[in-house]
Amino acid sequence: MRAFDKLMSKISLLSVFKYAILITAIGVSGCGEKQAEKPPPPPLKTESPPPLSLKEEVSPVIVTAKTRETYQWYCAQCHGIKGKGDGINAKFLTVPPRNHTKAEYLETRTDEQLFQAIKFGGLSVGRAPCMPAWGNTLSDSTIHELVRYIRELCQCEAL
Amino acid sequence: MKKLYLILICGWFLYPPMLSHASLIEEKKCASCHRLTKKENEKKGPDLFYAGNKFKSPWLEKYLQNPVTLRKAGTIHNPGFLKGERENNHPSLSKEDAGKITQELMQMTLPDLPVEELPDPLNKGQKAKTKYEFERTFSCISCHQSLNLAGKPRGGISGPSLVDAGNRLQANWVAVWLKNPKTFSEKSRMPVYKMDDETRLRFTRFIMTLKNEGIR
């Protein structure tokens with residue numbers, strides 16, 4: 001009977017431990033409360049062949065009025081009207097939205113990385129989960145245009 | 001034949017909603033801020049032509065008497081939205097008027113709206129998992145306020161607050177919105193999520209657990 005009691009207490013301790021890990025993960029890494037931003041990860045190695053989405057893009061990507069309108073409609077909620085990372089949601093997020101006018105970080109990212117971040121969300125490129133995936137909302141060509149627009153805002157290219 | 005026309009015309013005008021509620025919606029000029037049909041152009045207030053599918057009647061009646069702020073930055077078509085400049089608050093109505101307008105609004109529904117079969121209420125483990133996905137996988141918290149583990153509201157403000165969603169919204173509406181927001185509105189600022197049905201209905205259940213009663 002004692003052995004059974006010991007076993008049961010071990011099981012319940014294990015479940016409490018599992019919940020504690022999950023709860024800590026939610027509490028620590030959500031998007032709704034402030035925390036210090038981690039340094040950017042190093043740029044991806046460029047030795048591998050370019051991803052398909054870039055290969056397929058043959059014609060030059062042009063930023064149009066429609067691109068700017070799309071940015072204002074969707075992206076500006078967090079990234080701000082002028083792309084300075086000061087949108088209406090900014091002060092409520094754990095990790096501040098990227099300031100698209102600053103070249104220091106954006107020149108360390110390739111166009112493909114920016115494309116991936118917009119299409120599949122921040123987590124897909126090892127960044128904040130606050131950035132949702134827009135791949136079911138925006139077409140690939142619109143996302144390529146947005147990448148180009150971000151390059152316009154930061155006045156920078158990938159190094 | 002003339003008698004038949006006369007009966008039909010009288011019947012139309014004597015139909016109870018035509019006598020009271022519809023005229024009250026008109027008298028209060030709800031249509032100046034809200035779309036009452038899908039055919040109209042977008043307006044600054046939330047659409048009401050599917051109010052009967054979306055809202056829970058007790059919440060709506062209470063809201064009309066004592067409007068609370070659901071969208072801290074205003075609605076998405078508000079010109080000052082991106083600057084966080086909200087326009088005037090919704091007017092408060094008397095208890096009697098709120099009751100009458102609620103009755104009328106609850107009759108405004110979309111034809112042929114799918115009826116979703118929801119799973120059982122979430123257990124603790126499912127709720128924790130869904131909360132994790134709500135915040136990290138789908139980033140909902142970036143635009144919608146919800147409750148954190150300490151029972152405090154947290155999250156972005158560009159979308160309507162979900163803190164009291166369980167009292168405000170009908171579960172079926174949430175499930176259909178998550179499947180295809182365009183069923184209701186052509187243009188939204190929210191990303192489209194192609195969730196599998198299990199995830200979508202679990203999310204619906206999770207959103208319905210968010211209530212003011214959970215605030216600590």
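In this predicted model, the axes of helix H7 (residues 124-137) and helix H10 (residues 197-208), both of chain B, come within 10 Å and cross at roughly 100°. Here axes are lines fitted to C-alpha atoms over the stretch in contact, with angles from 0 to 180 degrees between N-to-C directions, and helices are DSSP runs (H or I, at least four residues) numbered from the N terminus. H7(B) and H10(B) are therefore roughly perpendicular to each other (65 to 115 degrees). Contact (heavy atoms within 4.5 Å) joins Lys127(B), Lys129(B), Thr130(B), Lys131(B), Glu133(B) and Phe134(B) of H7(B) to Thr199(B), Arg202(B), Phe203(B), Phe206(B) and Ile207(B) of H10(B).

Turning to the interface, 35 residues of chain B are in contact with 31 residues of chain A. The two chains bury about 2,900 Å² between them, 62% of it on carbon and sulfur atoms; buried area is the accessible area (1.4 Å probe) that two parts lose on being put together, summed over both. On the chain B side, Leu82(B), Arg136(B) and Arg189(B) lose the most area to chain A, together 25% of what that side buries. H7(B) returns here, giving the largest share of the side of chain B that touches chain A, with eight residues.

Residues are numbered from 1 along each chain as its sequence is written, and chains are lettered from A in the order in which they are written. Local features need pLDDT of at least 70, side-chain atom pairs count only at pLDDT 80 or more, and totals for chains, interfaces and linings use all residues, while side-chain values use heavy atoms, without hydrogens and water.

Key:
Helix = DSSP H or I, 4+ residues; strand = E, 2+ residues; numbered from the N terminus. Parallel < 35°, antiparallel > 145°, perpendicular 65-115°, else oblique.
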